[in-house]
Amino acid sequence: MGPIPTQRETIARGRGAPVHPSVGECTEVGSAGECTEVRTEVGTEVRTTLPGSPLAPATARQLMRSALTEWTELGLVRCERLADDAMVAVSELVTNAVVHAGTDVELTCRLDDTGALVIEVCDHHPSRAPREHGGDSPYETPEYGRGLRLVATLAESWGVSYRTGAKTVWARLPAEGSAAADEIEAYAGERALERGLKVAEILAPEPQRAERDRDWLGRGALSFLAEASDLLAGQLDETLVAALTGQLIVPRLADWCAVWLEDESTGRWGSPSWSGAGSGAGWADGTGAAGPRLARVWHSSENRIEELRRALDKDPPRPRDGLRSGPEPYPWPGDALGPQGIDGTALAYRLIAGGRPLGTLVIGRCGLPRFPDEITGLVEDLGRRVALAIGAARQYARQANISAVLQRGLLPGAVAEIPGLRSALVYEPCDKGGPSGDFYDLFPAGDGRWCFAVGDVQGKGPEAAVVIGLARPWLRLLAREGYRVADVLDRLNQLLLDDATEAADAAARALAAAGGRPMAPGDGPQTRFLSLLYGELVPFAGGVRCTLASAGHPLPLHLGPDGEVRTAAQPQTLLGVVEDATYTSETIELRSGDSLLCVTDGVTERRSGTHQFDDGDGLAQALSGCVGLSAELIAERIRRLVHEFGGGAPEDDLALLVLQAE
């Protein structure tokens with residue numbers, strides 16, 4: 001078996017190969033999922049995209065047969081055995097992708113310089129577990145689930161390339177065909193009674209497999225570990241790490257594997273004792289803590305996975321030493337592996353990172369009294385990388401949880417209801433894993449007054465959270481003490497120049513220390529700017545009186561019932577910049593049908609190429625088209641227009657508040 005190849009792009013055609021005009025690719029897909037049109041592409045390469053349905057393998061075979069016929073007529077393919085091998089390989093690879101991923105499948109077949117045929121099948125779920133299928137699928141044969149082994153037997157090399165959001169399985173078939181083709185010609189169905197015996201004979205463990213193991217370990221082990229490290233390091237979910245571990249190990253290093261995960265805060269393995277029996281049983285440490293959970297089971301034959309899972313769930317690993325990575329013997333679950341899996345060997349590896357046990361990896365291979373030392377050593381190295389990836393995923397999960405709790409503490413639990421006024425809010429932080437730099441508030445201030453604020457702190461993360469954590473409570477305190485709008489901004493400006501800078505600097509130092517790095521020149525004391533739109537609302541008989549001021553913030557827009565849009569405040573200096581700044585306020589009246597739109601710069605500065613959403617008063621034009629809409633519909637329409645303007649996901653936090661007089 002070939003190693004996982006380095007990530008690469010597919011070459012358009014063999015170097016120096018002529019371009020012929022009739023070999024094509026599917027360009028349209030009919031209602032049944034089959035290709036309905038073939039058009040000319042490159043003479044020594046065909047490629048197509050197939051729907052992830054049971055019809056895909058048959059369509060792939062049809063395309064492969066057409067290409068091979070054309071190449072044979074052109075003298076590019078001279079061996080009939082290659083054609084037979086190609087039909088088996090393309091069918092198995094496409095079937096495997098459909099069953100495992102369920103996405104559209106991209107198929108590429110090409111001849112290289114030596115005349116060998118390279119088949120590449122790409123799906124878009126590199127870590128998705130196999131799904132159950134009914135027994136009437138047209139591609140379920142007695143050897144279902146063993147396709148990669150058949151491909152490995154036919155190919156001189158094969159492997160997997162991982163990219164973000166995609167997995168490509170490739171196989172290279174030699175120009176003269178594979179000698180193993182004669183042994184599996186029954187695969188096509190001509191001698192159905194002999195088919196099972198022949199396939200079993202080819203796939204059963206034998207000395208040839210040990211020779212392939214040694215050859216693969218000699219050529220590809222280091223590449224395998226390097227690419228496995230890259231693949232695992234990018235994952236932020238421990239369950240996904242477990243799923244990828246199974247794909248990396250089976251069938252390359254073992255026939256099956258399982259990953260147990262345990263809570264590092266309760267997984268005390270010093271002197272464990274067995275508790276209970278049957279599914280759901282586990283280990284306890286005398287404190288009542290739950291034992292490990294079986295996160296993932298993988299088998300080279302998909303129809304064995306559920307039965308194997310049930311057997312393993314009853315018998316979790318029993319580590320002798322919690323801080324020894326292994327390997328340790330593990331009981332062989334023979335009854336769960338069918339007639340061909342009665343005998344075999346299994347090993348358990350503790351997954352340890354940072355001196356903490358995080359779980360256990362168990363691998364098994366049928367028909368062998370023991371694993372080769374080369375395999376056990378390679379899996380132990382892989383296990384260390386898996387443990388590091390699980391530890392990193394858990395650290396990320398902890399930080400994300402802390403950030404979510406902190407974020408909830410920085411925002412109001414509920415938006416106040418104001419007599420005679422409807423409000424609608426959209427709040428979308430760009431970084432779901434950390435505190436946002438945008439904040440909002442709408443609260444009662446006493447004496448028949450309500451106050452609102454929409455703000456944006458320079459930067460994000462802990463430093464921004466410190467500033468918001470100071471500004472929002474001070475806003476509420478000053479408002480409830482009866483300070484006017486302008487006076488509130490004056491005092492908040494002085495607060496930011498004093499306490500916020502000092503506190504944010506302390507947060508930056510703590511963050512640098514937690515990361516184990518010295519303070520960089522830019523990490524020193526810095527002024528933390530705050531742009532803020534702040535206002536006071538007082539209902540009266542005919543509407544709501546609004547007194548407001550903008551400190552370096554996008555100006556609020558007033559929408560009248562006639563569709564006229566005008567700014568409702570004057571631009572003033574950012575808070576936390578000028579020590580002796582003096583702020584002023586304006587007062588407007590919101591009457592029935594009037595709306596006030598307040599946004600952060602995530603709306604006005606949303607980019608599409610070199611253009612921004614608010615170029616040429618774009619926001620005002622968008623608002624003018626919202627006449628007659630409710631506050632909720634205005635907020636949703638502006639949000640949708642902002643998203644559509646940039647095409648992709650927003651690159652900045654987004655907050656907008658709509659106030660509408662009833």
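A polar contact is a pair of N or O atoms within 3.5 Å, where, within protein, one must be able to donate a hydrogen and the other to accept it, and residues adjacent in sequence count only if both atoms are side-chain atoms. The views show a predicted model, in which local features need pLDDT of at least 70 and side-chain atom pairs count only at pLDDT 80 or more, while totals for chains, interfaces and linings use all residues. Residues are numbered from 1 along each chain as its sequence is written, and side-chain values use heavy atoms, with hydrogens and water left out.

View 1. The side chain of Gln-660 makes a polar contact of 2.9 Å with that of Ser-595, and a polar atom of the Gln-660 side chain lies 3.2 Å from the backbone nitrogen of Ala-631. Strands are DSSP runs of E with at least two residues, helices runs of H or I with at least four, both numbered from the N terminus.

View 2. Beyond its neighbours within four places in sequence, its contacts (heavy atoms within 4.5 Å) include Leu-421, Asp-594, Leu-629 and Ile-634.

**View 3. The buried residues of helix H13.** Ala-631, Ile-634, Ala-635, Ile-638 and Val-642 are the buried residues of H13; seen down the helix axis they fall within an arc of 100 degrees, so they line one face, the arc being that of the directions from the axis to the C-beta atoms. Among the elements covering them are strand S23 (595-599) and strand S26 (654-661).

Definitions and conventions: Buried means under 20% relative accessible area, exposed over 50%, partly exposed in between (1.4 Å probe, protein chains only).
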